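Subject: Structure for you to look at

Dear colleague,

I am handing over the structure that we talked about, and below it you will find what came out of it. Please keep it open beside this message while you read.

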Amino acid sequence: MTARSAHPKSVTFSQIGRNTTMTTVALLGTGIMGAAMARNLRKAGLGVTVWNRTRSRAEPLAQDGIAIADSPAEAVAGADVVITMLNDGDTVLATMNDAAPALRDGQIWAQMSTVGVAAVEPLAKLAAEHGVTFVDAPVQGTRQPAEQGQLVILAAGPESVRGALEPVFGAVGKKTLWLDSDGAGGTASRLKLAAISYAISLTGIIGEAVGLAEGLGVDPALFGEVVTGGPMDSGYFQAKLKAITAGDYAPSFTVANAAKDTRLIAEAAEAAGVRVDLAEAAHQRLRRAEEQGHGGEDMAAGYFASFPGQPA
């Protein structure tokens, strides 16, 4: 049964049955999402140490009172909770192998990256080998909700660690959906693929419609007028339409990451015997935009795939 949690924004271990110190968190990966999450964890009063493969990208977090580690092992040493927020399953596995010498019995590992389905089993196996409790906990949301602490956390893990994770998930998210008691089953990662498939496909549809309007000699603003205020309108539609028409592709979730996720969606769907034609089409558009040089821009820049002959 799905349970919903309301989160306090600052909780010490003494408030959840432990009377020693505040929760300490090691966060591995300080990209767009990870950096925002680290800041919110620290704002909530938690002790935070971060590691990033390119240290210079993590160093600005020191201004927020966050410790910067030189290695994954240094980051996780002594932490109550380890969070991975990295690009893909292979990167998560390699990073946690590097951290393994400093892992200890009783630690909790919240794997919050989007890694797909097939990657979950080897990650859970690594955790079990080191006496670490594995929680499959990918997040739904992009830069703005990450910065606001408004992510939706899709989680699967044992009841015994959920109290300890309350202050952590509460600092970065507005809601946690507990889906299963075993993180190794990948239930949360499966739901994440369905949710991100919707977001990526919808973004592709908006970009394609704008491109079609332009190609047919129609002002895209008129397309916006047709949709605005009707049953097809949404805040998401307005945000992505505005980004495209204003040419503002500051990354909230990049083309490259979206292309990676559509690959994971297609792989999981094939294994399940499901056709995902829209996700596969979105993947092709994203790859074209990436080849044009838009990989580091917001996924709304998939719009450029409508004009494959044009350089970035």
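I begin with helix α9, where the cover over the buried residues includes α8 and α10 (235-246); cover here rests on contact, which means heavy atoms within 4.5 Å, while helices (H or I, at least four residues) and strands (E, at least two) are DSSP runs numbered from the N terminus. This is a predicted model, in which local features need pLDDT of at least 70 and side-chain atom pairs count only at pLDDT 80 or more, whereas totals for chains, interfaces and linings use all residues. Residues are numbered from 1 along each chain as its sequence is written, and side-chain values use heavy atoms, with hydrogens and water left out.

The residues of α9 that are buried (under 20% relative accessible area, where exposed is over 50% and partly exposed lies in between, with a 1.4 Å probe and protein chains only) are P220, G224 and V227. Seen down the axis of α9, these residues fall within an arc of 65°, taken from the directions from the helix axis to the C-beta atoms, so they line one face of the helix. The face turned away from that buried side carries the exposed residues E225 and V226.

Together with L212, V218 and L222, L216 forms a nonpolar patch on the surface, with about 390 Å² of accessible area. Such patches are made of residues with over 30% relative accessible area and no salt bridge, with nonpolar side chains (Val, Leu, Ile, Met, Phe, Trp, Tyr) joined within 5 Å and like charges within 9 Å; a salt bridge is a side-chain nitrogen of Lys or Arg within 4 Å of a carboxyl oxygen of Asp or Glu. Accessible areas come from the Shrake-Rupley method with a 1.4 Å probe, and for residues only the protein chains shown count as cover.

As for the whole protein chain, its secondary structure comes to 12 helices and 10 strands, and buried residues make up 50% of its 312 residues. The accessible surface comes to about 14,000 Å², of which 53% belongs to carbon and sulfur atoms, and the C-alpha atoms fill a box of roughly 65 × 45 × 35 Å, taken along the principal axes.
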